[in-house]
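Colleague: I want to check the terms one by one. Can we go through them together?

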Amino acid sequence: MIHHVSLECDPADADAHRAFWTALGFAEVAPPETLRERTVWFARAGTQVHLLLTDAPVVPPRGHVAIQVDDLDALGLELEERERHWGERRCHVRAPGGHTVEVFEVAP
């Protein structure tokens, strides 16, 4: 299991990220006190997303986070349908700031 992934985020997008990651079933959790000024953390079922607040965030052109969700249609997010590599529906959605997140109901 991967414990966490870190994504750079413009501080001005922090509230939009809160809404986005909450829609994906993550809950905001408190980072260690030494990191509270420069990070925002989310957790779900043992996996965490750490947003690194920076004025010049970098978004990888092809890299992405992949997350299994129970119901893609219930997310309320704009989904981009992708090819069904393992016969199951999978989609991409853009996080605030441009990070690609792959979502699917059935893992490969």
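Colleague: Among contacts between residues at least 6 apart in sequence, what share joins residues at least 24 apart?

Modeller: The share is 52%. Contact means heavy atoms within 4.5 Å. This is a predicted model: local features need pLDDT of at least 70, side-chain atom pairs need 80 or more, and totals for chains, interfaces and linings use all residues. Residues are numbered from 1 along each chain as its sequence is written, and side-chain values use heavy atoms, without hydrogens and water.

Colleague: What makes Glu-28 and Arg-18 a salt bridge?

Modeller: A salt bridge needs a side-chain nitrogen of Lys or Arg within 4 Å of a carboxyl oxygen of Asp or Glu. Here the closest N and O atoms are 2.8 Å apart, so the pair counts. Asp-15 joins Arg-18 and Glu-28 in a network of salt bridges.

Colleague: Why is Arg-89 called buried, but Glu-81 partly exposed?

Modeller: Buried means under 20% relative accessible area, exposed over 50%, and partly exposed in between (1.4 Å probe, protein chains only). Arg-89 has 17%, so it is buried. Glu-81 has 45%, so it is partly exposed. These two also form a salt bridge, at 2.7 Å between the closest N and O atoms.
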